[in-house]
Amino acid sequence: MTDFQVFECGDVVLQSGMTLRRARLAYKTYGRLAPDKRNVIVYPTSYGAQHWDTEWLVGPGRILDTDRWFVVVPNMFGNGVSSSPSSAEMPQDRDRWPRCTLYDNVVQQRRLLREALGIDRVALVYGWSMGGQQAFHWGALFPGAVERICVVCGSAKTSPHNFVFLEGVKAALTADPAWRDGWFAEKPIRGLRAMSRVYAGWALSQAFYREELWRSTGHASLEDFIVSSWEGTFLKRDANNLLAMLWSWQNADVSANDLYRGDLAAALGAVTARALVMPGATDLYFTVEDNRREVALMRHAELLPIPSNWGHRAGNPVHNPEDAAFIAAAVRQLLEE
């Protein structure tokens, strides 16, 4: 039994020049599609997440309110639900998994909406982290089809510093002896635990740890928080999938395509959607300054930092009602404009 649907993409030629054979894009919908199909919100998944990890903000009266909106959550390639290394068949299994860009993802998401759901225009693309990067791609690639985008702790192009942060995560994971010939032959327990600890230091701010805000999440000590929250999360994931998505993150760039040919200013200037860009004020790798420079290149964009000590996690405030209320109010206002 599954709680999602699958769009069969067929054989997809990727930006890498490789073909992803029999590509499958898993998705789930929430709410009711209006007769005029003008109440659609697209909510792409973030790094490591699958659609059920995002459901906390989808529903009646929530940030993405299904009393009014029809929400479509497409799973990113590589996340274990859509086509991924963990489910790949020969000859694209193991170290032959083809690299997928966010451009590759968003183009297939657009096909999903049009071919499977009959939707041509989207009221909002909302995304956090890598989901926010996909929201930027939607706005740049399909400006005539997107009315609004809301980017929460994401960027139009992965910055050099963000790239280096991910190099540290990757190095910790692949140091495990299970990493052999470009593939994890078995589950790398030590590597996943090491990766989790590196990640924990970056995803939350210095102030978060100084003020011991982890206590509000129900943890008895700092070690309890790291083991239960961070190691516990990544140990559930497939390590080969995590590496595949990490590559997609490192290479995210709305201008890296035949349409814009590396011209970031042209790509961002082409976004006609009303854009709300919400970095976390203390985010260490999707920074306010990076977003400030991107917003300056856009036509109808507002920069609204989340005033929070939760770092990158301010944009995914499952256990943080104050930041959740801030985001909810901003999204509500955006949708009313």
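Okay, so helices here are DSSP runs of H or I with at least four residues, strands are runs of E with at least two, and both are numbered from the N terminus. With that in hand, glutamate 322 sits in helix 10, residues 321–336. Before I go on, this is a predicted model, where local features need pLDDT of at least 70 and side-chain atom pairs count only at pLDDT 80 or more, while totals for chains, interfaces and linings use all residues. Residues are numbered from 1 along each chain as its sequence is written, and side-chain values use heavy atoms, with hydrogens and water left out.

Let's take the whole chain. There are 10 helices and 12 strands. The C-alpha atoms fill a box of roughly 55 × 50 × 45 Å along the principal axes. On radius of gyration, taken over C-alpha atoms, the globule rule is 2.2 Å times the number of residues to the power 0.38. For 337 residues that rule puts a compact globule near 20 Å, and the chain has 19 Å, which agrees.

Now burial. I call a residue buried under 20% relative accessible area, exposed over 50%, and partly exposed in between, using a 1.4 Å probe and protein chains only. The chain exposes about 14,200 Å², and carbon and sulfur atoms supply 50% of that; the areas come from Shrake-Rupley with a 1.4 Å probe, and for residues only the protein chains shown count as cover.

Contacts next, meaning heavy atoms within 4.5 Å. Of the contacts with a separation of 6 or more, 73% are between residues 24 or more positions apart.

Charges, quickly. Lys and Arg count as positive, Asp and Glu as negative, and His and the chain ends are not counted. Each charge is placed at NZ of Lys, CZ of Arg, CG of Asp or CD of Glu. The mean positions of the 35 positive and 37 negative charges are 3 Å apart.

On to the inside. In soluble globular proteins, nonpolar side chains tend to be buried together. A nonpolar core, for us, is a set of buried Ala, Val, Leu, Ile, Met, Phe, Trp, Tyr and Cys residues joined through side-chain atoms within 4.5 Å. So which residues have the most contacts inside the largest core? They are Tyr47, Leu64, Tyr126 and Tyr199, in a core of 59 residues. Apart from that core lies another, of 45 residues, with Val42, Leu112, Phe142 and Ala270 among them. Back to leucine 64: leaving out residues up to four places away in sequence, its contacts include Ile41, Tyr43, Val71, Leu124 and Val331.

Phenylalanine 142, from that other core, is found in the loop between helix 2 (130–141) and strand 8. It counts as buried, at 17% relative accessibility. Beyond four places in sequence, phenylalanine 142 touches Val106, Val107, Arg110 and His137. Its C-alpha is 8.3 Å from that of valine 271, which is 129 residues away in sequence.

Leucine 117, in helix 1, is buried too, with a relative accessible area of 18%. Valine 72 is 45 residues off along the chain, and the C-alpha atoms are separated by 9.9 Å.

Methionine 90 and proline 91 are joined by a cis peptide bond, omega about 5 degrees. Proline 91 is in the loop between strand 6 (70–74) and helix 1 (102–117).

Cysteine 153 isn't a glycine, yet has a positive phi of about 55 degrees. The loop it belongs to runs between strand 8 (148–152) and helix 3 (160–174). Is cysteine 153 buried or exposed? Buried, because its relative accessibility is 0%.

Aspartate 181 also has a positive phi of about 55 degrees without being a glycine. That one is in the loop between strand 9 (179–180) and strand 10 (183–184), and aspartate 181 is exposed, at 73% relative accessible area.

Last, the outside. Glutamate 322, where we started, counts as exposed at 62% relative accessibility. It is 14 residues from serine 308 in sequence and 8.7 Å away, C-alpha to C-alpha. Glutamine 206 in helix 5, residues 206–210, is exposed as well, with a relative accessible area of 53%. From glutamine 206 to valine 295 is 89 residues along the chain and 26 Å between C-alpha atoms.
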